[in-house]
2 protein chains.
Amino acid sequence: MVTETQHRRRPLNRGRVQAAAVQVADRDGLKGITMRSVADLLGVEAMALYRHVSGKNDLLDSLVEVVIGEINTACDALPAPEDPADWRTNLRRRILTARSTLLVHRWAPALISTHGTMGPELMRYFDEFGATLAAGGFSLDTIHHALHAFGPRALGFAPELFELEAPAVTETDLDEQAALADMAALAEEMPFLARMAQHLSHEASTTLGWCDDQAEFEFGLDVMLDGLEKRLNS
Amino acid sequence: MVTETQHRRRPLNRGRVQAAAVQVADRDGLKGITMRSVADLLGVEAMALYRHVSGKNDLLDSLVEVVIGEINTACDALPAPEDPADWRTNLRRRILTARSTLLVHRWAPALISTHGTMGPELMRYFDEFGATLAAGGFSLDTIHHALHAFGPRALGFAPELFELEAPAVTETDLDEQAALADMAALAEEMPFLARMAQHLSHEASTTLGWCDDQAEFEFGLDVMLDGLEKRLNS
DNA sequence: CGACCCTGTTTACGTTGTAATCTTGTTTAC
DNA sequence: GTAAACAAGATTACAACGTAAACAGGGTCG
C-alpha cells in the first residue's frame, strides 16, 4: 500500500522514447535533447532509456527515420498523379509535401544533415522519388546522378549558408552611424555586395522578412528541375 | 634558473590558436576539437585560450573564416578570366577552386553547415561570386536568388544525404545469404531501388568506389548552371 | 621602488553520455 | 507454492567537456 504517483506507470518502449525526444526537440531545439531531459519528460531516470535505445546516437539516428516516416505518410496521402509521365509536377508536389512536413519540426533538417543514415523509411522515400523520375522517361544513370544532385533538396530543405536573422536594428544614432561607416567601407572593398544590398533594401517591402524562405526554395528547386529537363534523353 | 622546457615559449595569439585548432581537426576530425586538445597542442592549459578566443563557439566560428580565407587566396591566385562575359566558365572555375581547397580540410563542410556566420571573408567570396554573375548579364534579383539556390554548392561542396561508406563486405556465407534475402525483400517493397541497385552494381567497375564524389558534384553543378542559364533575361 | 597590466595557471563547478550495479515486480519451472 | 530466472527501471559512479573565478609571475611605466 504505497502511495503511487497517481497512475500506474505505462511501460516504456522505443516508440515512447522517440516520441518524447521529438517533443523535447520541438520545445527546446536539437541541443535540448538530452538523455536526462527526455527521461524527465517520461517521468523516468536517464539510464532507463538505455533499455530501448542503445545510446544517444542510436536515438538521434532513429529520430531521422521517425521524421521521414511522417514525410512518407504525408506523401502516401497525396492523390494519385493524373499523368504519371508528368514527372515534373509529380516530383515537385512530392518534394513540397516533404517540405511542409519538415517545417513542423524545425530541428529536423539539421538532424538529417548530421545523422543521415540510410534506413528503411529513407529508402522508401527514394524508391518513390526515383520511380517518379523513371515514369518520366529518365535513364537509371541520370536518376542516380539526380539523386546525388538534389541531396537534401529531395527532402524539401536546402541548407542556408549563413543564418541571416533580422539584425534587430536598434535605432540608436551610434548604430546608424556605424551602419553608414560600414556601408562606406563595404562599397570600397566589395562593390558588388554593396550594390546588391542597396538594391535589396529598396524592395525589401515586397517580402516581409529579408528573404522569403519558401520562395527561395522553390526558385532553387525549379532551377534544378529545368537543368534536369535538359538531360531527359541522355 | 628554472629548467625551461627547451624553447622560450612563443606568445600565444588568436592566429596560433586557430592554426592549432585546424591542425587538431585535420588529425582527429571536428569532434576532436576540444579546448583541452587545442591547448595541449600548443603546450598550454585550456583556460589560456580564453584570452584570445571568447569561447569554443567563437573559435569554431572563426575557423570558418580561416578556411574561407584559404579559399579566397586560392581564387585570387587564379589567372584573370579571358572573357569576363563568360560567366559560366568563370563561375565554374571559381567554385571548383573553392572545392579543391575544402578537400584539404574534410571537416570544413560540416563546420560551415553548423557555424555559417557572415564574416568578411565570406562576404568577399560572395562579392566576387556575384560580380562574376553580374558580368555575365544577370539581374540583381536573379543573382540574389541564385545565391540562395546555390547554397553550400557555391563554396564547392554539396551535403550528402547519407554517408554511404563501402559496407565493407565480409564474404561469409551467412552474410551472402542475408544479402540475398535483403535483395528479395527489397525487390518486393521497393521495386525501383532494387532495379537501380542492380544497375549500379553492374557498372560499379567503372568508378572505383560506389559513387565518384567529384563527378557527382560537377553533375549537380552543371544542372544548376543550366537551370540558371534559362534565367539570363528575367 | 611600487602600481599596474598582460598572460598563462590553478582550482573548481555544472552538464553531459554512459558503464556497472542494484532493486523490484513478474513470469516460469518444478 | 516456492524457487529460480528474468525484465525494467533506479542508483551510483565516473570521465570528458566548457568555462567561471581567483591567482601568479613577469614585464612596463610612473
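Mentor: Around DNA strand D there are 16 residues, and those that come nearest are A:L12, A:E45, A:R51, B:R36 and B:Y50; a residue is near a strand if one of its heavy atoms lies within 4 Å of it. Of the atoms of DNA strand D that come within 4 Å of the protein, sugar and phosphate account for 46%. The model is a predicted one, in which local features need pLDDT of at least 70 and side-chain atom pairs count only at pLDDT 80 or more, while totals for chains, interfaces and linings use all residues, and side-chain values use heavy atoms, with hydrogens and water left out. Residues are numbered from 1 along each chain as its sequence is written, and chains are lettered from A and ligands numbered from 1 in the order in which they are written.

Several polar contacts (pairs of N or O atoms within 3.5 Å) involve phosphate oxygens of DNA strand D. A polar backbone atom of A:L12 is 2.8 Å from one such oxygen, a backbone N or O atom of A:E45 lies 2.7 Å from a phosphate oxygen, and chain B contributes B:M35, with a backbone N or O atom 3.0 Å from a phosphate oxygen. By class, the surface near DNA strand D has eight nonpolar, three polar and five charged residues, where Ala, Val, Leu, Ile, Met, Phe, Trp, Tyr, Cys and Pro count as nonpolar, Asp, Glu, Lys and Arg as charged, and the others, Gly among them, as polar.

Turning to DNA strand C, 16 residues surround it, the closest being A:R36, A:K56, B:E45, B:R51 and B:H52. The surface near DNA strand C divides into nine nonpolar, three polar and four charged residues.

As for the record, an unreviewed UniProt entry lists residues 34–53 of chain A as "DNA-binding region"; its positions are given in the numbering used here, feature names are shortened, and annotations may be inferred rather than shown by experiment. Over residues 34–53 of chain A, the chain is 35% helix and 0% strand, with the end C-alpha atoms 13 Å apart; helices (H or I, at least four residues) and strands (E, at least two) are DSSP runs, numbered from the N terminus.

How values were computed: Polar contact = N/O pair within 3.5 Å; in protein donor to acceptor, adjacent residues only side chain to side chain.
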